[in-house]
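I opened my notebook to look at one structure today. Here is what I looked up, entry by entry.

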Amino acid sequence: MDTAPLPPAPKLMLAGVEKTLGGRKVLRGVDLDVAHGRSLVVIGGSGVGKSVTLKCALGLMTPDAGQVLIDGQDVTHLKGGERQRLAAKFGMLFQGGALFDSLPIWENVAFRLIYSQKVPRKEAKARAIETMRKVRLAPEFAERFPIELSGGMQKRASLARAIIARPEILFFDEPTTGLDPITADAINDLIVEMVRDLGSAAISITHDMASARKIADEIAMIYEGRIVWRGPAASIDQSGDARVDQFIHGRAEGPIQAVV
Amino acid sequence: MNPFLSIGRTTLGMLRETGAVSAFAARAALACFQRPWYAGQVGRQFMRLGYFSLPVVGLTAVFIGAALALNIYVGGARFNAESFVPNIVVLGITRELGPVLAGLMLAGRVSAGIAAEIGTMRVTEQIDALSTLSTDPYRFLIAPRVTAATLSLPILVLAADIIGVMGGYLVGISSLGFNGAIYIRNTLDFLKIDDVALSMTKAAMFGFIIAVMGAYHGFRSKGGALGVGRAATDAVVSATVLILAANYIITSFWAT
């Protein structure tokens, strides 16, 4: 009798997710999954459905068809309080940081603690400053407002906000966009470090191949609303898929037509 | 183009928009009564929407009160009714001009501000960020603004009513030859609690309209700076029209 243990259920799974926006079918059946402690990076050009995939996974958009499962539970149509409780498992780094302009950095970082978990402000501030240190953001910036920080610092603050409550699933939306190569590499290092420390599942979307190679255990490529290739990050150069080859080498000629 | 098609499309669009605004207003009103309440946010909005609007509302009221007294004096002189200036000023300011002008001034100042702020939060993904941080944007962003505007506008209008009457008083005693004590006694004798109640009712409704229209257009804005600008404009226009329509409806219900 075969007694081999079953593989653990994926932490996050998207099954046949479809989404139409403004009359255009953006997602045509996306299948993705990521296990606990693993980092999956979804690559793809502009307008192929990367952000919509992430928004469907986060519950910011409801798929027209297909399912989103967390720990094997269908969460596709959760609303209200149930959705808010589920969001406690998530940490999200937005492309532009999405820090709240009207709040100082420490309160941005501690937002979930103060407003959702009702942690006393003094304790929340101490934890925010401790988390800022983890992402190499000096405590002297705690009282500053987002507008007073550089793009790289805002990304660090946003990363601190994403990880402060030790989420089970981390989402990264174009984490290095708009940053110089050195700052981008520093953010990549931080992401790798934080994902390893927290042991969370991580799903990132990017078109920055240097970032993808650094932070991914596995890479999946999305094209025309579907996942067209998936494999270990180390094997992407031997994918055998012309579309993947064209994308990772940044060539205008190939099966993918550049949109100009 | 087929004219019936065009009329039908416009009608459907208007019905869709009316439904969307109504659903948003109902959800915003409900959010004001649902826990958790963000008292700090409500207090901050009270200061921003209410307290800091006092100068503009006060200045508007004093000039309108003064001009109203002059006009009533000139008009009244045509049939020897100049002595009715205090009575008509207090009636006009309290029942109509105080709430309507304060509402219109705040439709410009507050509604546009709310639309621009929430619209910017929408296009920079700050509202999505709120959702991922287990916080309902309706309760955290919209309910405090709606609560603050609905409760602070009656206070502002009460101040506007008093300041407007004082504007008429100043013109009355300085230019029109009224005795100060008699002017005030005529004003107080003529004013009824019902007039003040109408003024406060209108103010609360206008405050609700101003906050909801600002939030609605900001919440739905898209397309960067252009979208945020359009949201602010739409908020002011729709709040202004709705205030004037609501003013007529409340007045007609009150009169019958």
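**Entry 1, chain B overall.** Before counting, I noted that a residue is buried if 20 or more other C-beta atoms lie within 10 Å of its own. I also jotted down that this is a predicted model. With that cut-off, 46% of the 256 residues of chain B count as buried. I then went through its secondary structure and found nine helices and zero strands in chain B. Written along the sequence, the pattern of chain B reads α-α-α-α-α-α-α-α-α. I checked the extent too: along the principal axes, the C-alpha atoms of chain B fill a box of roughly 65 × 55 × 35 Å. For contacts in chain B with a separation of 6 or more, I got 88% from residues 24 or more positions apart.

I picked strand 6 (residues 90-93) of chain A and asked which way its residues point. Phe90(A) and Met92(A) point one way, Gly91(A) and Leu93(A) the other way, and all are buried. Next I looked for a partner: strand 6 of chain A runs parallel to strand 7 (residues 169-173) of chain A, and four bridges join them. Opposite Phe90(A), I found Ile169(A) in strand 7 of chain A.

Conventions:
Residues are numbered from 1 along each chain as its sequence is written. Chains are lettered from A and ligands numbered from 1 in the order in which they are written. This is a predicted model: local features need pLDDT of at least 70, side-chain atom pairs count only at pLDDT 80 or more; totals for chains, interfaces and linings use all residues. A residue is buried if 20 or more other C-beta atoms lie within 10 Å of its own, exposed if 12 or fewer, and partly exposed in between; C-beta atoms are placed from the backbone. Helices (H or I, at least four residues) and strands (E, at least two) are DSSP runs, numbered from the N terminus. Two strands pair if DSSP finds at least two bridges between them. Two residues are in contact if their C-beta atoms, placed from the backbone, lie within 7 Å.
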